[in-house]
Amino acid sequence: MIKSLILSALIFSVPAWILTGQTEYLPKKVYEAYRTDVSPVINGVFDDAAWQQGAWAGDFTQNEPYADRPPSQQTEFKVAFDDMYLYVAIKALDSAPDSITQRMSRRDNGEGDMVFIIFDSYHDLRTGFIFGVSSAGVRFDMIMSDNGRAEDPTWDPIWRAKAKLHEWGWGAEMKIPFTQLRFKKNAAEVWGFEVARQIFREGELSLWHPVPRNAPGFIHALGELDGLQEIEPRKQLDLTPYGVASLKRYEPEEGNPFATGTDPGYKIGLDGKIGVTNNLTLDFTINPDFGQVEADPSQVNLTAFETFFEEKRPFFIEGKSITSFNVGLGDGEVGNDNLFYSRRIGRRPQGYPSLEDGEYASVPKFTPILGAAKLTGKTENGLSVGVMEALTADTKATIDSEGIERSESVEPLTNYSLARVQKDFNKGNTIIGAAVTSMIRKLDGTNLEYLHKNASTAGLDFTQYFRERNYTLNAALYLSNVQGTAEAISITQQSSARYFQRPDAGYLTFDATRTALSGMGGKLQFGKIGGNWNFLFMNVFKSPGLELNDMGYMQQADNLLNVFWTGYNFTEPFSIFRSLRLNNDVYMMSDFGGQIGAIGYEYNMNATFKNFWNAGFGGGYNAHQVSNRMLRGGPAMYLPNSGRIHYRLFTDDRKAVSAGFFGNFNRGAEHYYRRNSYTLFMTVRPMNNLSISLRPSYSSNNDELQYVTQREMNGDARYLFGKIDQKVLSMSLRINYNITPDLTIQYWGQPFTASGEYTDFKRITDPKAERFTDRYQLFTDRQISYVDGSYQVDENEDMNMDYSFRDPDFTVNEWLSNLVIRWEFVPGSTAYLVWSQTRDYYAQEGGFGVWDNMNDMFTDKKPTNTFLVKLSYRINVR
């Protein structure tokens with residue numbers, strides 16, 4: 001243990017660039033596939049004529065936990081083909097077949113004993129198509145891109161697989177159509193190829209061709225598959241029409257003709273997949289439906305920035321690695337920035353109708369997508385292509401005024417376009433790419449002139465790998481331009497991303513007559529990614545005028561961020577550890593005026609123990625904090641230093657009962673703020689096909705400076721803040737019951753309650769004073785009073801109200817739930833039965849009474865229940 005501590009100390013003191021440890025590779029194995037004249041029956045039994053040919057290949061090597069050792073159990077396989085299909089047979093030999101873990105789960109969950117086969121059919125050394133099956137017959141498929149550093153489990157090709165237990169272990173058979181793979185016509189080259197086996201009870205992974213654990217990627221190190229040169233690529237043509245019937249029941253509103261308590265509905269549409277060439281696929285959808293998609297989790301956002309939500313709609317998440325142009329850094333808030341954020345398409349309408357007294361409105365919750373199409377793939381010469389086009393409807397609210405109806409646009413007719421290309425050179429060691437996005441709104445005849453009429457972005461990126469891919473240099477440069485009325489561009493200039501109106505920002509100019517705004521950004525990374533010791537230098541910059549949020553996602557412009565990260569990865573078990581990862585970084589952030597906004601240090605440790613428990617801890621410290629956004633358009637403000645610690649511990653998730661917890665503490669100096677959060681995790685598997693998960697979470701935030709609003713007095717701005725006592729409690733319940741691999745029942749439910757109570761109201765007086773408490777002035781009882789739901793301020797105590805603001809206290813309660821029964825009755829054809837229920841309750845009070853809040857939510861009004869039946873049927877045209 002002492003030796004490990006000494007080594008850990010050295011990690012953080014020795015410059016990473018003086019270390020030269022690199023990955024070493026063995027000569028590549030080659031497997032020769034053979035042709036069969038008779039298609040085998042896919043049942044996990046190897047008595048067909050197809051499997052009487054050829055020799056079984058084996059000689060696997062352990063990859064986890066110990067690299068380059070013999071596996072605990074042997075594995076053998078064969079690969080055959082005919083003109084239409086690839087056939088794979090895998091014998092998972094096991095000396096204790098009664099110990100094989102069979103877990104029935106939904107497709108792509110990857111639990112239990114499993115076998116996988118990986119094809120780099122492009123042989124670009126960057127892209128891998130993965131097909132797997134568990135001992136329970138559950139299929140797993142995924143695309144790996146960027147040499148294995150990016151994974152896309154949303155890819156769902158049409159293929160078959162079966163598994164069966166035997167006295168010698170278990171067997172798996174796969175039948176993979178060539179239409180589901182992309183490869184060159186009459187290619188003289190071999191394919192990249194790998195076979196892998198997961199032994200769940202041992203936590204063991206073995207590979208046919210050894211891949212070093214510390215390799216700077218995965219796909220480039222695969223073995224090879226020969227014998228397929230004569231195969232002709234097959235073009236895919238699938239059409240999947242669908243129909244949906246729904247019924248929505250809710251609390252009727254007296255006098256509102258749009259809220260009668262019952263809303264029936266129906267919808268039809270068409271999804272399609274067309275092989276334009278043998279390497280490029282066109283996906284399209286007409287009048288798409290996303291009714292069975294799980295709701296976003298509840299959140300309360302008190303910041304000036306937009307919340308980032310993950311994409312959950314199948315059309316947009318499949319192939320997202322091809323259409324992405326990430327301009328962020330790492331993960332978390334900074335890492336989400338991208339030229340393309342698909343949640344913009346079909347978004348909640350941005351407008352709301354103007355209503356007079358006695359009028360009612362029916363406002364759509366989401367903008368209908370009239371149609372969308374995307375072309376993705378990779379050509380024979382190594383050009384990756386992603387092109388997308390989507391059209392959303394002119395969305396109107398219907399307004400009733402004493403029986404007379406009128407309509408008003410709340411989201412205009414909008415076209416979204418995206419093109420993304422990347423070209424490989426030098427066996428994938430050099431990659432040059434570009435991306436262009438365009439958003440065009442038809443604003444004529446609407447009252448939505450405050451929205452941008454046009455928005456476009458363009459970017460270039462470059463990646464170079466050195467010394468057998470152990471070192472990398474990555475750079476990107478991108479531009480943006482938005483156009484619209486002077487009102488629209490004024491709103492953009494004053495948005496939370498940049499605040500051009502800041503009085504102390506001499507390098508910025510707010511121009512109320514502008515009708516366009518342009519900006520640029522970039523990213524530079526250099527470091528060592530191979531071997532156990534890694535480092536990266538990273539730089540990101542975004543000019544003040546950069547604007548991506550019409551089709552992309554970005555929280556802040558006017559920002560320069562420099563980071564130096566280093567880490568060490570213990571890949572071999574030692575002491576009590578199965579694996580151990582140590583990381584730390586330093587960073588500095590500033591704006592384009594040269595003002596340093598923060599200097600910080602972060603560290604974390606992640607460990608898996610030999611008993612398969614997992615733990616981690618980390619933290620950070622921020623110094624010299626200056627915020628350009630604290631006053632939301634006011635001058636920059638000095639903030640006290642702050643620190644944070646987070647920790648987690650999880651038990652062995654292979655067990656029938658597993659649990660864990662996560663917590664973090666955040667503290668600001670000078671009693672600035674105190675934030676805590678705690679999350680518990682528990683999963684129970686009473687049967688191999690049933691899992692029940694609970695995730696309760698609690699957080700508290702006691703912040704001396706929570707923004708309330710801005711007012712004026714005698715022509716001078718007043719930035720008003722309060723001390724907030726905020727508490728949030730939620731619990732997520734998830735139940736998965738798998739009757740068969742293709743028939744599943746899933747339930748998700750989440751009660752959520754949050755409250756915020758404001759006290760100690762104050763105004764900012766000297767945002768750059770040396771002492772924290774000198775930067776603001778607390779209102780006295782003679783200066784502030786509460787009257788009928790608002791606070792009235794007599795700042796100069798002359799017995800006259802100078803300004804007022806509404807009571808910011810709040811209580812938000814929500815209940816979200818989804819029950820989905822899914823049956824894939826034939827490959828690619830699916831039936832859904834969905835029940836979703838929502839409840840909500842809002843009160844302008846800050847007391848955190850959990851039971852009272854829950855009682856109010858469940859008794860105040862009837863829930864909203866939505867019942868939905870959807871049927872889609874895949875027609876394989878060729």
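**View 1. His-624, a partly exposed residue at 42% relative accessibility.** In this predicted model, His-624 falls between the 20% and 50% limits, so the residue counts as partly exposed. His-624 sits in the loop that links β32 (614-623) and β33 (625-627). Its phi is positive, near 50°, although the residue is other than glycine. Most residues other than glycine have a negative phi.

**View 2. The cis peptide bond between Glu-64 and Pro-65.** Omega of this bond is about 0°. Most peptide bonds are trans. Pro-65 is located in the loop that runs between β3 (61-64) and β4 (75-81).

**View 3. The hairpin formed by β10 and β11.** Two residues lie between the strands of this hairpin. Strand β10 covers residues 160-166 and strand β11 covers residues 169-177. The two strands run antiparallel and are joined by seven bridges. Within the pairing, Ala-163 is opposite Ala-172 of β11. In a regular strand, side chains alternate between the two faces of the sheet.

Key:
Residues are numbered from 1 along each chain as its sequence is written. This is a predicted model: local features need pLDDT of at least 70, side-chain atom pairs count only at pLDDT 80 or more; totals for chains, interfaces and linings use all residues. Side-chain values use heavy atoms; hydrogens and water are left out. Two strands pair if DSSP finds at least two bridges between them. Helices (H or I, at least four residues) and strands (E, at least two) are DSSP runs, numbered from the N terminus. Buried means under 20% relative accessible area, exposed over 50%, partly exposed in between (1.4 Å probe, protein chains only).
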